[in-house]
Number of protein chains: 2
Amino acid sequence: MTALENDTLLRALLRQRVDYTPVWIMRQAGRYLPEYRATRARAGNFMDLCRNPELACEVTLQPLDRFPLDAAILFSDILTIPDAMGLGLYFSEGEGPGFEHPVRDAAAVRRLTVPDVEDELGYVMDAVGMVRRELAGRVPLIGFSGSPWTLAVYMVEGSGTKSFARSKAMLFDRPELMHALLTKLSEAVILYLNAQVAHGAQALMIFDTWGGVLTPRAYRKFSLAYMTRIIAGLTRKAEGRRVPVTLFTKGGGQWLDRMVDSGCDALGVDWTLDLTDARHLVRDRVALQGNLDPSVLYTSPEHIRTEVGRVLTSYGPGPGHVFNLGHGIHPDVDPDHTAALVEAVHTLSPAFHGAIRSGNARHDET
Amino acid sequence: MTALENDTLLRALLRQRVDYTPVWIMRQAGRYLPEYRATRARAGNFMDLCRNPELACEVTLQPLDRFPLDAAILFSDILTIPDAMGLGLYFSEGEGPGFEHPVRDAAAVRRLTVPDVEDELGYVMDAVGMVRRELAGRVPLIGFSGSPWTLAVYMVEGSGTKSFARSKAMLFDRPELMHALLTKLSEAVILYLNAQVAHGAQALMIFDTWGGVLTPRAYRKFSLAYMTRIIAGLTRKAEGRRVPVTLFTKGGGQWLDRMVDSGCDALGVDWTLDLTDARHLVRDRVALQGNLDPSVLYTSPEHIRTEVGRVLTSYGPGPGHVFNLGHGIHPDVDPDHTAALVEAVHTLSPAFHGAIRSGNARHDET
């Protein structure tokens with residue numbers, strides 16, 4: 001593989017010294033880009049796009065061609081694993097994803113088999129390899145997966161839910177069944193992420209979209225425990241470098257201190273927590289990724305710059321910050337505003353990394 | 001007015017000694033009850049039911065006739081105020097509430113007038129008076145309002161939103177306009193809540209449904225500041241007793257310590273925070289209300305009892321706990337499960353209030 005020209009992201013994730021704060025954007029390859037919409041229209045539906053390595057590679061690279069982002073993230077969906085398990089994934093307009101064969105009883109859990117990631121999920125690995133070749137060392141490639149609990153919610157509910165009735169009923173009434181499901185999913189996620197690394201992913205992220213709907217106790221037992229198990233099973237070194245792992249539990253800001261014990265390198269943080277407080281909670285043991293409110297991109301480029309400055313100031317001087325939104329970019333954002341965000345991070349952040357030479361005091365104003 | 005037979009709720013909200021932990025349930029008068037659905041069918045649509053004092057009184061009392069709850073809460077909607085401001089409230093199936101005339105510019109904010117609460121909102125006051133008479137002192141009546149920020153979100157968006165695009169754009173780009181709107185709404189909420197007290201409400205609650213979607217900084221400036229202003233303007237004594245005020249910011253668990261400074265008597269807590277931690281955060285300066293995961297009601301009565309015990313243990317011995325769900329009851333819950341919840345609170349909680357006599361140790365197990 002080609003040597004990496006810009007390793008700022010990897011260094012920041014490992015809390016190493018950098019010259020500026022690296023930035024990427026959750027869902028950076030997505031609907032807010034007209035070129036994405038054009039490729040998507042050519043592909044057919046959303047899963048057709050995910051399953052086509054050439055087109056998945058194409059949309060992965062689109063935001064990189066527009067903005068000087070510090071990372072690419074594979075274009076894919078977290079539901080590829082349950083799809084490969086034969087649950088019959090479909091997407092309906094306005095309602096989001098659903099499964100034709102939801103997992104509701106012991107027989108259904110027993111029937112599930114861990115997919116062969118090089119075969120049934122080979123299209124993902126092909127896309128990873130293709131993106132790495134096309135990137136030619138410009139920036140690192142992030143691979144990802146959904147967390148076992150998040151995948152289980154979709155698999156048990158079978159379609160969109162606000163109340164999590166079926167998944168929580170299983171968790172509370174049949175915990176052993178939920179644990180059996182989560183165990184299988186953890187095994188699948190480990191194989192899936194390790195294969196992504198083998199094919200070229202240089203950093204990994206686990207999206208725990210639904211961890212935040214649990215009680216603290218249930219979160220630890222049914223989500224965090226399995227993410228911890230996964231991290232223990234991951235290839236942590238590839239091409240002579242450590243492969244950093246980031247955990248992101250949406251709505252999990254109150255649990256950051258517990259999440260550090262998972263063995264991850266970095267934690268994603270949404271915008272409901274000040275990075276000052278988040279950094280205090282994790283006591284600089286891991287890097288932090290975040291946390292601009294995605295709605296700031298609806299405002300003017302001048303105001304975006306002000307808010308970017310606020311987030312940088314909130315993290316403060318020193319290493320260990322990866323700039324991102326606190327959640328995926330909204331599909332109706334003006335791409336020029338995304339450009340303003342990236343530029344603001346790149347021009348404002350060097351001041352936060354020259355602390356040793358220039359003194360800290362001036363970075364501490366709010 | 002008749003003397004109050006059961007003042008356990010009022011005492012608990014003021015952190016006074018009680019014999020057991022009082023319990024009520026957010027949305028206790030609602031769709032999960034067949035008798036509610038029958039009355040609703042007679043009324044016409046949802047707002048017809050809210051606007052009819054006799055029927056609103058009837059559904060307010062229905063859960064009290066079924067379960068030995070320790071409080072009644074007025075059946076109404078938080079959008080009565082913007083409705084009275086002439087915005088043309090409507091409810092569409094599946095999409096939730098909307099306004100025909102959303103508030104999007106300075107002219108629209110200027111045009112808004114604070115409603116005459118005895119006239120345009122007279123139907124609410126009539127319902128309050130009627131419920132008090134019908135209750136005949138059985139339990140106290142809770143009055144309520146939405147928070148200014150929450151009302152503003154609905155008024156600016158005009159219909160359901162996931163991204164809060166318009167309301168956050170106004171907050172960020174035109175903060176002075178948002179402040180003008182929030183100022184008018186705060187004035188209206190003060191008059192509205194004070195009128196409810198004048199007509200018989202014995203405790204008040206402010207629902208800040210959308211405070212939790214803000215950054216900590218925006219939350220303090222655009223939501224908490226106005227709730228604080230409202231509390232300063234409220235009648236705090238009626239019929240010789242203090243009228244306790246409870247604030248509930250959905251998803252605001254990380255800000256509880258700041259919320260105490262609002263001058264409230266109690267804070268609502270959702271289930272993503274252990275009450276042990278919440279109590280530690282507020283350092284026993286206010287009472288806490290919560291926080292069973294509403295999905296626990298999908299499980300068996302035995303398991304409901306176990307989880308009720310966990311919540312009681314999590315708060316621990318001593319006064320200042322009002323048992324509730326961490327969010328409104330789901331509409332598809334079996335009413336018998338609600339009965340099991342109320343019974344479990346009433347039978348398990350006395351042990352947490354005899355701590356002086358029997359020692360604390362046995363309540364601390366988890």
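The legends below describe close-up views of a predicted model.

Local features were taken at pLDDT of at least 70 and side-chain atom pairs only at pLDDT 80 or more, while totals for chains, interfaces and linings use all residues. Residues are numbered from 1 along each chain as its sequence is written, chains are lettered from A and ligands numbered from 1 in the order in which they are written, and side-chain values use heavy atoms, without hydrogens and water.

**View 1**
Two copies of a chain are related by a rotation about an axis and a shift along it.

**View 2. The open sheet of chain A.**
The sheet has 7 strands in the order β1-β4-β5-β8-β9-β10-β11, with parallel pairing. Helices (H or I, at least four residues) and strands (E, at least two) are DSSP runs numbered from the N terminus, and two strands pair if DSSP finds at least two bridges between them. In chain A, β1 (72–73) and β11 (321–325) stand at the edges with a single partner strand each, so one side of each has no neighbour in the sheet. Strands β9 (residues 266–268) and β10 (residues 287–292) of chain A pair in the parallel sense over 3 bridges. A:Gly268 has A:Gln289 of β10(A) as its bridge partner. Helix α13 (residues 275–282) of chain A packs on the sheet and touches β9, β10 and β11 of chain A; its direction makes about 160° with that of β10(A). Axes are lines fitted to C-alpha atoms, for helices over the stretch in contact, and angles run from 0 to 180 degrees between N-to-C directions.

Most residues other than glycine have a negative phi, and most peptide bonds are trans. A:Asp284 is not a glycine, yet has a positive phi of about 55°; A:Asp284 is placed in the loop between α13 and β10 of chain A. The peptide bond joining A:Gly290 and A:Asn291 is cis, with omega about -5°, and A:Asn291 lies in strand β10 of chain A. In chain B, a cis peptide bond joins B:Gly290 and B:Asn291, with omega about -10°. B:Asn291 lies in strand β10 (residues 287–292) of chain B.

**View 3. The open sheet of chain B.**
In chain B, 7 strands form an open sheet with parallel pairing, in the order β1-β4-β5-β8-β9-β10-β11. The edge strands of chain B are β1 (72–73) and β11 (321–325), each with a single partner strand, so one side of each is left without a neighbour in the sheet. Strand β8 (residues 245–249) pairs with strand β9 (residues 266–268) of chain B in the parallel sense over 2 bridges. B:Leu247 stands opposite B:Leu267 in β9(B).

**View 4. The β2–β3 hairpin of chain B.**
Strands β2 (residues 89–92) and β3 (residues 96–99) of chain B pair in the antiparallel sense over 4 bridges. B:Tyr90 stands opposite B:Gly98 in β3(B). The two strands form a hairpin with 3 residues between them, and B:Gly94 in the turn has a positive phi of about 80°.

**View 5. Crossing of helices α4 and α7 in chain B.**
The axes of α4 (residues 53–66) and α7 (residues 122–135) of chain B come within 8 Å and cross at roughly 45°. α4(B) and α7(B) are therefore oblique to each other (angles under 35 degrees count as roughly parallel, over 145 as roughly antiparallel, 65 to 115 as roughly perpendicular and the rest as oblique). Residues making the contact include B:Cys57 and B:Leu61 of α4(B) and B:Ala127 and B:Met130 of α7(B). The contact residues of α4(B) with α7(B) divide into 10 nonpolar, 1 polar and 3 charged (Ala, Val, Leu, Ile, Met, Phe, Trp, Tyr, Cys and Pro count as nonpolar, Asp, Glu, Lys and Arg as charged, and the others, Gly among them, as polar).

Note on methods:
Contact = heavy atoms within 4.5 Å.
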